[in-house]
2 protein chains.
Amino acid sequence: MVKARKYVVKDYFQGVPKLSDFEVVEEELPPLKDNEILVKAEWISVDPYLRAYNSQVNVPYDQFSYQVGLVQESKNPDYPVGSRVVSHKGWRNYTIINPKLNTELLETTYKLPDLHGLPNSLGVGAVGMPGATAYFGFLEICKPKPGETVVVSGAAGAVGSIVGQIAKIKGCKVIGFVGSDDKVQWLEKELKFDKAINYKTADVAKALKNAAPKGVDCYFDNVGGELSSVIINQMNVFGRVSVCGSISSYNDNLDNLPKATILQPAVVFRQLKVEGFIVSRWRERWPEAFADIIQWILSGKLKAREHITEGFDNLYKAFTGMLAGENFGKAVVKV
Amino acid sequence: MVKARKYVVKDYFQGVPKLSDFEVVEEELPPLKDNEILVKAEWISVDPYLRAYNSQVNVPYDQFSYQVGLVQESKNPDYPVGSRVVSHKGWRNYTIINPKLNTELLETTYKLPDLHGLPNSLGVGAVGMPGATAYFGFLEICKPKPGETVVVSGAAGAVGSIVGQIAKIKGCKVIGFVGSDDKVQWLEKELKFDKAINYKTADVAKALKNAAPKGVDCYFDNVGGELSSVIINQMNVFGRVSVCGSISSYNDNLDNLPKATILQPAVVFRQLKVEGFIVSRWRERWPEAFADIIQWILSGKLKAREHITEGFDNLYKAFTGMLAGENFGKAVVKV
């Protein structure tokens, strides 16, 4: 008999999620039925969307997110003991899964791709949903051309840091906005962004004008709010904006969102295209992204830094730390 | 020798344009050279973009806009005396034009389409730039499907009133936002909008929820600002927003635009596509729009109401009246 532990969200978050919004519940798992596997979580993901979707799900709910797990028992020949799977079972340490019963796009359990020796944790990061988000959200919506100027906000995060590096690979000039000078250093020195700007201390409009004197062609928006208004107001004719997230407002009530400088004048006169997306849209094509990203990492063109927190009991801490911007690269918890 | 009169804009507008920002200048026109025509303006257009582009042109400048004129003398066999042309020569009564020398898209002089007996003034309205704007801006960007719910702001204007009627022709449910109860009556009774809402007196969010209980699929945005934020926050997954104008902010300084509720959360979670456009993008295809619109007017499916001001000396009054929302349909000046 296996005892599993899971985080249940009891209440709707008000502002920053509180520890008391969660309850860790223990449950006994039944014996496996045909086609089922018992999975022990090894890496659990904390991501901005866990905050954003809280208001759109009925409480109480088991905290979803991606995890990489080891198959410990199996009644499914496709998933033998010792193999690894990626699932959306989230913040729980042991799970019984019937891979054939999860049909919703994001719920699909799939085998961890062959990582060619790279860390398995990448399965919830650069070679998982965040990597696919960066890849398709940027390439499909921004359609960047070599020589164009690309701006990324939230540029030190799991998605933003990959978007900026893909933009470099595609021959673009890349400017990243981040929230600390250490992140500025990391982006410029390690990830080879052409410029990184600390939005908390810089005169954002002026700093961007200096960094992008010819204007901005593509903007990958992770944050929303006033920073995005400033950037969008410096875009060129026929510029493209890929709206991936709005993390600056995730702790706000959806009925009382903040205000920012209007976008319409820039959108009209520069004939901009602004498109939001959820990465499940390209779910069937994720393997394309993974193949390219693995290749780029192996060849040294892309760095997939991880911000690792140890311990199942530290999931809450890792989550709120990520929301506060403590992470460099992908925030992930080692169970 | 012909004496021409024209409006010159001497200063950048501050807020609402002032009469003293303009000067009426008289000039003597030289004799015609080969390929030139002498055009006497009959109908001159006043449009929101005349305000919007003021800050983007160097003063002083001759006030541009579209006009329908009669060819009075001709040294160009393609444009004989007595024929009519549409040009972008704007607020002037007599003009010498060499149609072959105007190569910029919006500057092109072209023959007034055969209006099959409809008023020539339509050449600067429903069968001119505003009609093409409504037709392509709505159909190409919103790509409406029968049964979808379409919202139009600035719905009693030259463009909005046509967009709403095209949406009805395409089998959509149409809701219009306007600034007076008289306009509500006109849209609902005469133009057969499913619903019109006075944004100045209604609880906009609530009124829209009542009118569009299934949410909004397409939004044709003429106004920008908070009204647009409210509408965009009620859009359905994969909704499309065509941003045609931002008239609510045209009297504001571009360096100090107003703030409104941010759009990013709706844009991400509903995966919206928001695109701005300038109608010159489809300049070569304008005749397609004109052919359909003429047919729709002749068959009674589309009403092209005009708000006519008499007299060259009343151009300023017609312009600021249009900016203040006094017009029902297309604002035009009869010279």
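Good morning. I begin with the place where the two chains meet: 38 residues of chain A are in contact with 38 residues of chain B. Please keep in mind throughout that this is a predicted model.

How much area do chain A and chain B bury between them? The value is about 3,100 Å², and 65% of it lies on carbon and sulfur atoms. I262(A), Q264(A) and F269(A) supply 21% of the area that chain A buries against chain B, more than any other three residues.

I turn now to the charged pairs across this interface. Between chain A and chain B the count is 2 salt bridges. In one pair, the side chain of K259(A) meets that of E226(B), at 3.2 Å from N to O. In another, K259(B) and E226(A) form a salt bridge through their side chains, again listed at 3.2 Å, N to O. That pair crosses between chains, running from strand β14 of chain B, residues 259-261, where K259(B) sits, to helix α6 of chain A, which holds E226(A). For the whole structure, over all chains, the total is 32 salt bridges.

Polar contacts also cross between the chains: 14 residue pairs are found at the interface of chain A and chain B, with both residues at pLDDT 80 or more. Which elements of chain A give two or more residues to the side that touches chain B? They are α6 (225-232), β13 (235-243), β14 (259-261), α7 (264-269) and β15 (273-276). The largest share of that side, 5 residues, comes from α7(A). By residue class, the side of chain A that touches chain B divides into 20 nonpolar, 12 polar and 6 charged residues.

Strand pairing also links the two chains. β15(A) is joined by 3 bridges to strand β15 of chain B, residues 273-276, and the two run antiparallel. Within this pairing, V274(A) has V274(B) as its bridge partner.

Let me move from the pair of chains to chain A by itself. Chain A is divided into domain 1, covering 2-125 + 305-334, and domain 2, covering 129-278. Their C-alpha centres lie 29 Å apart. The contact between them takes 21 residues from domain 1 of chain A and 15 residues from domain 2 of chain A.

What do these two domains bury between them? Domain 1 and domain 2 of chain A bury about 1,500 Å², with 63% of it on carbon and sulfur atoms. Across this domain interface there are 0 salt bridges, while 5 residue pairs are in polar contact, both residues being at pLDDT 80 or more. Helix α1 of chain A, residues 48-52, gives 4 residues, the largest share of the side of domain 1 that touches domain 2. That side of domain 1 of chain A consists of 10 nonpolar, 7 polar and 4 charged residues.

Finally, I describe one sheet in chain B. Three strands form an open sheet in the order β2-β1-β4 of chain B, and the pairing is antiparallel. Its edge strands are β2 (22-29) and β4 (61-62) of chain B, each of which pairs on one side only. Strand β1 of chain B, residues 2-9, is joined to β4(B) by 2 bridges. Opposite V9(B) stands Y61(B), in β4(B).

Thank you for your attention.

Methods. Residues numbered from 1 in each chain as written. Chains lettered and ligands numbered in written order. Predicted model: local features only at pLDDT ≥ 70, side-chain atom pairs only at ≥ 80, totals over all residues. Heavy atoms only, no water. Contact = heavy atoms within 4.5 Å. Buried area = accessible area lost by both parts, 1.4 Å probe. Salt bridge = Lys/Arg side-chain N within 4 Å of Asp/Glu carboxyl O. Polar contact = N/O pair within 3.5 Å; in protein donor to acceptor, adjacent residues only side chain to side chain. Nonpolar A, V, L, I, M, F, W, Y, C, P; charged D, E, K, R; others polar. Pairing = 2+ DSSP bridges. Domains from an automatic or database assignment.
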